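Please keep the sequence and the model in view.

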Amino acid sequence: MLCQNCQDTIKTLAEQFKKPFEDGQTVTFPLPLHYSLESFHKSVLAGCLVCGQIWTYLLEGEDATLSETLQELRLRMRGYEISVKGAKSDFGKLPELDYQSSGVVGEPEDGRNKKSVIDLSMANHDGRLFIGAFPVKHWPIEQGIRFTLTPAPKSSPTLSDPILKARHVSTGGTVNLWRHWYNMCSKTHVTCQAGQLRLHPFAPTRLIELQDDDHGNIYKWTLVCPEPGVSVPYLTLSHCWGTSKHTCLTESNYQEFLKGSPISTLPRTYQDACVVAHSLGFRYVWIDSLCIIQDSIEDWRTQSHLMHLIYKSASCNIAATWGEDGNDGCFRTVDPWIRDPTPITLDFELNGQSEFMISKSDTHHEDIIKAPLNQRGWVVQERYLARRQLGFSKHQAYWECPELIASEQLPTGIPETLWNPNEYGIYRAQTPPKKPHLNVEEERDVRKCWNTLIERYSACYLTHESDRLIAIAGLVGELQQNMKDVCLTGLWRRDLYQQLCWVYDLHHRYKVGRSATKSCVAPTWSWANLGGQIMCDTAYCEEADDVMPFVKVIDSPGNLSDQSDSQNLGVLKLSLKGIALWTRSIEICDRKTRPYTAYSHRASFNNMSETLAISELDDIGLFIHWDEVMPPPPENPRRRPSAERERVQGERSSNLLFLTVHSSRRYHWKISGLILKQLPSVGEDTYIRMGVFTADPGVISRFLAARLGLQLSNSLDDRYDLDLEDPRLADLVHTVAIV
């Protein structure tokens, strides 16, 4: 439901879209929602969707009663006011209604200059109506909260189905709904049925068998070993291990597990997963800690090689999305304002519609993508490989399959208007909303999916950094068959040069307070060498004619698909031959840059002075993305920097080799390349990667053109082919082995 304040404010906001206004004109106006915390609190208690969500948001998920949070919010808002003004403007696009921060002011105590505690704004983007409540600039929460108005669906027999309309206090009460989703998927979804037909007979080495009592309730679980080569219908479980003590299979209790134990001996999450499997008519469940011998390295290695088949062959994957450890369970009591559809009727028609539904935007992203479970590295593979997934978030149950993503709030499917486009990033090869997968046919789309997958995966956490490549080995195996290509520690052999200029995402580090950590599980030229979110080289997704190479791959490691058995991955050599320049100096020229962006540098190089005009001998402007984050300076400037900071500073001020790799038409032929540090103790041609640089093509291109006697126009579309064997480039061409 919506409180009267929200209804009145939203209608007033929406009415602004009816009024004509001139091109370029901007009109601002305050739209108050509540003038006091007491009024705000009263609407929350009444169950208002908008007020309840804003309340939860402002408290950053504070887990307390409403009476307790009122006092907490009063303390937090002391000296602050969330005051937003709507702005209506037209710049030749869709009409837009947005917000402007009015600044930080104190909450009035004497009644004079009465101002609102919460305001709302509305915006129309791409035909979608958004309602936003945003904090002022200095409010300690970084982003705002927004809701979406979507046209109310027309009445249909499906929407009147009591199974879809039923609402329950706990997600565990929605048994009929998840049965409906599963049955509809298995019986009517053509894509999902086709996936089933492509499977080969398979059963995991071990499964958990569920046994009923005389009343049809689960009372016992037993470890069983299915007959090899015979398919057995079963479900899998994705969950967070957390800090709770797990019931684990070991060599010492193996025989005891074969005899069986009461269901009550399992952690709460396992018990709930067994209830879900039983409700869907399944007798077998696969749970990692119960089906892999945890103190046997040999068994772990064997089962990790089967992981892609285990999740791919399961009838459905159960995801304990919100739980942080095994004691949390799958089910949870939920707040009705978050889940229930909330209608609003406008007093006029907007885009031919007066009946709307209001929902919190990006609910799926908040409930699923940002949930504790999906911060685990291993779960990325599990979610991609599972043919279907039934997830239990903090607020509601979700269904995901290749043809449908649905929730308790939207049981017939989440419309695209409520989908977060960032879920698929700039590489979107799949039209949302669909379950993430790699079943795409065009190679360019496969590459987009791979980049999206790696960027998402690299942001996740692993208990053991040594699992960084193993935890996606199943996905790699699937793709190697489809792409007819070989994966080399996270990069693909074909068009390898188009993948080398990945960068560490400093914006992610800034948001989560997490720094990159170097590992020995991969060579420095692979993204797997860093433990932190990376941004892939966009050139990998470009058409061949739109990327100009500056290097040639001379030699690369062999087939490393069996990466769990590979030794010394960190010293595998990649040999490249290309145009490279030694630096004389590198200097930061923009020290005001925010900490999560690439620094702007000026660099001077050897080899360039003999052919360029005097006016072009100035240092070249570069953007540098260092792989290693510079440790902070001492708080007291008189104190000596830490040894680690001095080490990093020393490495960056040393003589470094800048190897140009490629330029892309998409970025106006901007040149990208690798920053390399020589390892003379290993060999004069041996280097490690230090980072990536990008540079405008102007000076470098004119320098190379002068060497080759070419005449380049001022066009940004200039492209020329380099012959690395040309004797005129002999002093610029280097052959390097990167480890």
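Predicted model: local features only at pLDDT ≥ 70, side-chain atom pairs only at ≥ 80, totals over all residues.

Q: How many helices and strands does the chain have, and what share of its residues is buried?
A: Helices (H or I, at least four residues) and strands (E, at least two) are DSSP runs, numbered from the N terminus. The chain has 19 helices and 32 strands. Buried means under 20% relative accessible area, exposed over 50%, and partly exposed in between, with a 1.4 Å probe and protein chains only. Of the 739 residues, 54% count as buried. Contact means heavy atoms within 4.5 Å; of the contacts with a separation of 6 or more, 69% are between residues 24 or more positions apart.

Q: Which strands is strand 14 joined to?
A: Two strands pair if DSSP finds at least two bridges between them. Strand 14 (residues 316-319) is joined to strand 11 (residues 235-238) by four bridges and to strand 17 (residues 389-392) by three. Strands 11 and 14 run parallel, and so do strands 14 and 17. Ala-319 is the bridge partner of Ser-238, and its partner in strand 17 is Gly-391. Cys-316 and Ile-318 point one way from strand 14, Asn-317 and Ala-319 point the other way, and all are buried.

Q: How do helix 15 and helix 16 pack?
A: Two packed helices are described by the angle between their axes and the distance between the axes. The axes are lines fitted to C-alpha atoms, for helices over the stretch in contact, and angles run from 0 to 180 degrees between N-to-C directions. Helix 15 (residues 443-458) and helix 16 (residues 473-483) pack at about 165°, with their axes 12 Å apart. The two helices are therefore roughly antiparallel, a term for angles over 145 degrees. The contact is made by Val-446, Trp-450 and Leu-453 of helix 15 and by Leu-475, Val-476, Leu-479 and Met-483 of helix 16. These residues divide into seven nonpolar, no polar and no charged, where Ala, Val, Leu, Ile, Met, Phe, Trp, Tyr, Cys and Pro count as nonpolar, Asp, Glu, Lys and Arg as charged, and the others, Gly among them, as polar.

Q: Where is Phe-202 placed, and is the residue buried or exposed?
A: Phe-202 is in the loop between helix 7 (190-197) and strand 9 (207-212). Phe-202 is buried, at 14% relative accessible area. Leaving aside neighbours within four places in sequence, its contacts include Val-230, Tyr-234 and Leu-309. The C-alpha atoms of Phe-202 and Pro-228, 26 residues apart along the chain, are separated by 7.5 Å.

Q: What is the phi of Thr-489, and what is that of Asp-495?
A: Most residues other than glycine have a negative phi. Thr-489, not a glycine, has a positive phi of about 45°, and Asp-495 has a positive phi near 55°. Thr-489 lies in the loop between strand 20 (487-488) and strand 21 (491-492) and is buried, with a relative accessible area of 0%. Asp-495, in the loop between strand 21 and strand 22 (503-504), is partly exposed at 28%.

Conventions
Residues numbered from 1 in each chain as written. Heavy atoms only, no water. Parallel < 35°, antiparallel > 145°, perpendicular 65-115°, else oblique.
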